[in-house]
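Dear colleague,

I am passing on a structure that you have not seen before, together with some notes on what was found in it. Please look at it first and then read on.

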Amino acid sequence: MKEEFSDYQKHFAAGLRVEVRFPRGQNKPFRDGAIITLQEEDLITLQISRDALPEDVRAETGTFVDIHTGKDGNAYCSRAIIVAERDGSQVTARLIGNVIPDEMREYYRIETYIPVRYQLDLDATPEQLQERWRAKRYPAQQSTDNAAHLSTDRETSPVTEPSRAVPLAANLSGSGIRIRTRDKFQTGTLLSMELYLPLEDLKIVPIIAEVVHVDPLRTKEGAPPLFSTALHFLCIDERDRDSVIRFISLEQLDRLRDHQGGTVSISSLEYAAYSRRRRLLRSATAACIILLLGAIAFALVYYRLNSPKGEIEQTFEQEIRKYRTLFPWR
């Protein structure tokens, strides 16, 4: 393989699970999971999770897409251009540009403690897991006139549901979560998850998450093993993501209030820092002006006292002296 394509082979090899972000009008990019089925130099074939994309999503020939992947706890992305008409769930594209680090922490992260459920179904395919997630997140409802519509609030139970949600220490962001698990999962494993967010009302967020990194943790001798497991949100409704981000913001705000020992808001903290900077800037500006004016005054006085007198000035002083000699009483 040519040297310039070595990064493509390293980070986007066949069989790897990736996330494809398609352009979507004026809205946020449409994200969909995919598997690379073919990779030859800069040419890749992607098996996306669905045969039909939403109407406002662009996936025709010539469309630029972003392809994101995670490996060994790191994230990478590259631009690609679709070079053939989409054949069902098959998308053919050419990678362009460099493979660059893609910091998966595109959202603020916070250490918190929330109930979390996760479930592993080894018999389910990724497509089946995503269909179950859709059925759970968007359950069909029958209205009074028998018209089907989507509900964004009602939650349904999965086919096989764990007995309870276990409170876990979590490192949470809008794009992923890191938790401690007794199970050792393989990188690339998909888990059905539920996050329980204590907002104004309890918010249950269903997610399909992909394991991107696993680290064994030290435990006491004789204790069962424990693993730090990092997961990337592969399927999450953007409104649910907003709820996660809002929960993180509220948690951070509460901690700032506790730290300040009273009521405080993000805006007041920003304004206080802004005011301090303004006062320092004004003081420094005033001091510079005073020093400049003093230097100018000193230069003028020095020049006046030490500069040679001109002919007119000398003539004037001579005439004044003659006048005083002639009229001493004046």
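Tyr113 is exposed, with a relative accessible area of 57%, where exposed stands for over 50%, buried for under 20% and partly exposed for what is in between (1.4 Å probe, protein chains only). Between Tyr113 and Ala170 there are 57 residues in sequence, yet from C-alpha to C-alpha they are 5.8 Å apart in space.

Please keep in mind that this is a predicted model, in which local features need pLDDT of at least 70 and side-chain atom pairs count only at pLDDT 80 or more, while totals for chains, interfaces and linings use all residues. Residues are numbered from 1 along each chain as its sequence is written, and side-chain values use heavy atoms, with hydrogens and water left out.

The structure holds 17 salt bridges, each being a side-chain nitrogen of Lys or Arg within 4 Å of a carboxyl oxygen of Asp or Glu. One of them joins the side chains of Arg137 and Asp240, at 2.6 Å from N to O. This pair links distant parts of the chain, with Arg137 in helix H2 and Asp240 in helix H3, 103 residues apart, and both Arg137 and Asp240 are buried. Asp240 also meets Lys203 in a salt bridge of 3.4 Å, N to O. Because Lys203 lies in strand S13 (residues 202–217) and Asp240 in helix H3, this second pair ties together parts that are 37 residues apart in sequence. Lys203 is buried at a relative accessible area of 18%, and for Asp240 the value is 0%. Through shared partners, salt bridges join Arg137, Lys203, Asp237, Arg239 and Asp240 into one network.

Two aromatic pairs were counted, under a rule by which rings of Phe, Tyr and Trp (its six-membered ring) pair if their centres lie within 6.5 Å, and planes under 30 degrees apart count as stacked, over 60 as edge-to-face and the rest as tilted. The pair of Tyr118 and Phe185 is edge-to-face, because the ring centres are 5.9 Å apart and the planes stand at 85 degrees. Tyr118 is in strand S7 (residues 110–119) and Phe185 in the loop between strand S11 (176–181) and strand S12 (190–198), 67 residues apart. Phe185 counts as buried at 7% relative accessibility, whereas Tyr118, at 23%, counts as partly exposed.

The largest pocket holds about 510 Å³ of space, a volume being the space filled by probe spheres set on the points, which are joined across faces, edges and corners. Its lining has 20 residues, of which Arg24, Phe30, Arg31, Tyr138 and Ile236 lie nearest the centre of the pocket. Strand S2 (30–40), helix H2 (126–137), strand S14 (226–235) and helix H3 (238–260) are the elements that give two or more residues to this lining.

With best wishes

Conventions:
Helices (H or I, at least four residues) and strands (E, at least two) are DSSP runs, numbered from the N terminus. On a 1 Å grid over the protein atoms alone, a cavity is a set of points where a 1.4 Å probe fits but cannot get out, and a pocket is an open set with protein on both sides within 12 Å along at least five of seven lines; lining residues have an atom within 4 Å of a point.
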